[in-house]
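The entries follow in the order I made them.

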Amino acid sequence: MLEANRDHTFVNNHIRASGMKYYFNEIEAKWQKYWNENQTFRADNKSSKEKFYVLDMFPYPSGAGLHVGHPLGYIASDIYARYKRHKGFNVLHPQGYDSFGLPAEQYAIQTGQHPAKTTRENIKTYRRQLDQIGFSFDWSREVRTSDPSYYKWTQWIFIQLFESYYCLDADRARDISELIRIFEQKGNLKVNAACDGDVPEFSAEQWHVFDEVKKETILSQYRLTYLSETEVNWCPALGTVLANDEIVNGVSERGGYPVVRKKMKQWSMRITAYAQRLLDGLDEIDWPQPLKDSQTNWIGRSEGAMVRFQIDGHQDNFEVFTTRPDTIFGVSFMTLAPEHGLVSKITTDDQKEAVEAYVLATSKRSERDRMSDVKTISGVFTGAFAVHPFTGKRIPIWIGDYVLASYGTGAVMAVPCGDQRDYDFAKHFKLDIPNIFEDQDISEGAVEDKNVRITNSDFIDGMNSGEAIKRVIEALEGKKIGQGKVNYRLRDAVFSRQRYWGEPFPVYYVNGVPKMIEEDCLPITLPEVEKYLPTEDGKPPLGNASVWAWNTDTREIVSNDQINHSSIFPLELNTMPGWAGSSWYFNRYMDASNAESFCGKEALDYWRDVDLYIGGSEHATGHLLYSRFWQKFLFDKGLVPVHEYAKKLINQGMILGTSAYVYRIEGENTFVSKGLIGDQKVQPLHVDVALVNASNELDIEGFRRHTMNKDLAKADFILEDGKYVVGREVEKMSKSKYNVVNPDDICRDYGADTLRLYEMFLGPLEQAKPWNTAGISGVHGFLKRLWKLFHPDNGLFFVSDEKPDAQELKTLHKTIKKVDEDIANFSFNTSVSSFMIAVNELTAMKCQKRAILEPLAVLISPYAPHIAEELWEKLGNTGSISTAEFPVFEARYLVESTKNYPVSFNGKMRFTKELSLDLDKEAIEKAVLEDERTQQQLGGRVPKKVIVVPGKIVNIVG
């Protein structure tokens, strides 16, 4: 027998332990302190154990801190990391902060507080919250993207990209110095490389004649990161460019400010060079299929032809990519994107006013808006005409906002008989709709079926689509007016932001030509500025810095006043986007303290890649695409050992909040209770859920005290039965919806182990599920029953070394089997159910046996590590439970040796009898007939028949 000494436990553990109830707050604080002091979860880069790398998408440290929706993925990854440690793996489970971001900058603009200070304070809050939930993070590897020691290497990677080009023959990135040697020896006539579409051809002789500015301009058209005039989403209120995924319904995601399209000189990343490899790589990684589909559609591979159209009366021409070159004889008009560079050149005087008005209106719509709006038909005729490449006919050139300059060539050849959008456009503007499809009626709509024959099409008459496409491409190439081409929807990624709080570019300018800072001078750190807004003349916030110039002699940042000096040049004023630091952080975790390299070779060769990555699907076409691009580039340069960085990815679902609404009568400062709305027109407003009780009744006085709106504080309330009843709706948990639940409150009232178990118990990891605080008490009650299993006698800890019986072993081993399978399959919710069943069964058996309870503590430790650690110590073990061997399932304990037979009389079950499964029919019949209860049922009668089904039933007839 083992019985803990209560006084001894109190002295050594500093908690009220044995002989008392389940003091979860003290237990959790004790073990969090132990893990921190002993660096329990520190991973070793040199281990004989097999490695396993578990990664979470690191958080942006916002001022609001965590709500209960944020830890869901972290809890799941932590369970898996702890499980793998129990299985004997050397587990790397790091955490850090994606700490550059617009919110801190907006706060700086409002308050004048430096974003670095805000970020540091926010990180303290995040660290405290993460620690109190009991995550097994290796904090010795913490990274912060805003730390100069980290972004030094982000800048370094940028330089490597600048100094590289993509060789299509080798299908990988190569040093730009290699391309320069080719230019010097052969020019670019035979160069097969990813580049801009308008690179001029030149010989080696011409290259040697070019001045340095001309050479740099040409090289920039090949570099993997380059400066160019780019159509961008400009948000005047925020003073910065926004990515497409930062815009919602035509306004900025942050703040809801208007966004317009405009051309700006920006840094871009030539991600398009990797389009096919990004597609091919999806086949090699175990990522969710919907996410793979999102990336596949975003990359948008299509095969067709590039066709060049001459503009009538102009020397200019433009190219169109089409997947249906077989329909070229059905073209009846051309449509250019309103922002296309030729629009202003070719528009006739009589159409100029209408065209300019349309271009201005379009600039106020986001690309996403324009792509999703399939109902609105709009456009303007430019007055110009294109010449058909085969017939010579004049084709009117229109502009329309459904064509995007950033997609394809920014121009489409419209074939209304074969495309419904073109058909609707032609009908709306009364344009010609020639029919090129044999035996097809186009009076009601376009024919988009490719399985029809072509007619009215010169040399491809009578051909099917496949034959015609091949013949048209041959003809285009023969006339040198086009060629077959694989096209991608993916565009090069804009890499500049007009913000202060971001990675500075390691770039200075000599006569407008960008030059890289020497690598040994990195990092280039952010300068001090008086204000974080753009300058009065529209320059980015870094334009406010007075010390922001580069001295090439002393190799240091100096005052702007010295820029006119021959060796002092202006530095780049833009900063990098938020996805820069997150595109390689998973590699840095492998060797986070390395000051000589972004990651050492030994660490990279050991950890190689992420085995399990957990994060949100909303990053599908942002971080998760850009990071794959950077990884492939680093692989090409021989800097990492694998070209895909994450073997498996799981997208956790969202925990939804239950919002509360009050209803303001339109035009009045009066709120009406939900049940009294009737036909009244009301405006629903979110109200803080903390002001609403379990019966959905609003604390009106609390509402008046907490509202920031003085008018609302004086509002009248129309009550029902003396109460104001709010409306409820399940939606995304968000501070703006006042429906967040703070994990601090849950940890204080119920404990971190309860929070961890409850979040897993809510449902399958990948699914969205609503939070309900009322349901958490059931999980907390389970932990108290678990505690009582080890403390059966008035709260005293007690276990026995007695040998367990068959039923106890059966309960343990069916739980081992289920939990092992569940964790391996990421079915964490069903594991929690298994724990509850096991504890209930063992409690009913009054099991206090070490052979059962000790492995049970290990089983539950990935889910509820604090209580597991405490029980492990009470069981007499030293050190942390985190490295204890995971219990091994033995099937023999689940093999049944007996059967509890239901015994029926004339079909009605009267009692059960346990018999050995080894008995045959005759033996079973004999045992049942000899049973005293059978004799009582028969009352001396002889049964007419006895039906025995071994292993199932016994039925006595008579």
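My entries start with ground rules, then go to the whole chain and then to the strands.

**Ground rules.** I am working on a predicted model, where local features need pLDDT of at least 70, side-chain atom pairs count only at pLDDT 80 or more, and totals for chains, interfaces and linings use all residues. I number residues from 1 along each chain as its sequence is written, and side-chain values use heavy atoms, with hydrogens and water left out.

**Whole chain.** I looked up the extent. Along the principal axes, the C-alpha atoms fill a box of roughly 115 × 75 × 70 Å. The chain holds 31 helices and 36 strands. These are DSSP runs numbered from the N terminus: helices are H or I with at least four residues, strands E with at least two.

I checked burial next. Of 958 residues, 53% are buried, meaning under 20% relative accessible area with a 1.4 Å probe, protein chains only. The accessible surface is about 43100 Å², and carbon and sulfur atoms own 48% of that. The areas come from the Shrake-Rupley method with a 1.4 Å probe.

How much of the contact count is between residues 24 or more positions apart? I read 70% of the contacts with a separation of 6 or more. Contact here means heavy atoms within 4.5 Å.

I also noted charge. There are 114 positive and 133 negative side chains, with the centres of the two sets 4 Å apart. Lys and Arg count as positive, Asp and Glu as negative; His and the chain ends are not counted. Each charge is placed at NZ of Lys, CZ of Arg, CG of Asp or CD of Glu.

**Around β11.** I took two strands as paired if DSSP finds at least two bridges between them. β11 (residues 301–311) pairs antiparallel with β17 (residues 482–488) over 7 bridges. There I found Glu-303 opposite Val-486.

β11 also pairs antiparallel with β12 (residues 317–322), over 6 bridges. Gln-310 faces Asn-317 across that pair. The two strands form a hairpin with 5 residues between them, and Gly-313 in the turn has a positive phi of about 80°.

With β14 (residues 380–387), β11 makes 2 antiparallel bridges. Ile-311 has Ala-386 as its bridge partner in β14.

**A four-strand sheet.** I traced an open sheet in the order β34-β33-β36-β35, with mixed pairing. β34 (908–916) and β35 (945–949) are its edge strands, each pairing on one side only. β35 joins β36 (residues 953–957) through 5 bridges, running antiparallel. Val-946 has Ile-956 as its bridge partner in β36.

Technical notes: Buried < 20%, exposed > 50% of the residue type's maximum accessible area, 1.4 Å probe, protein only.
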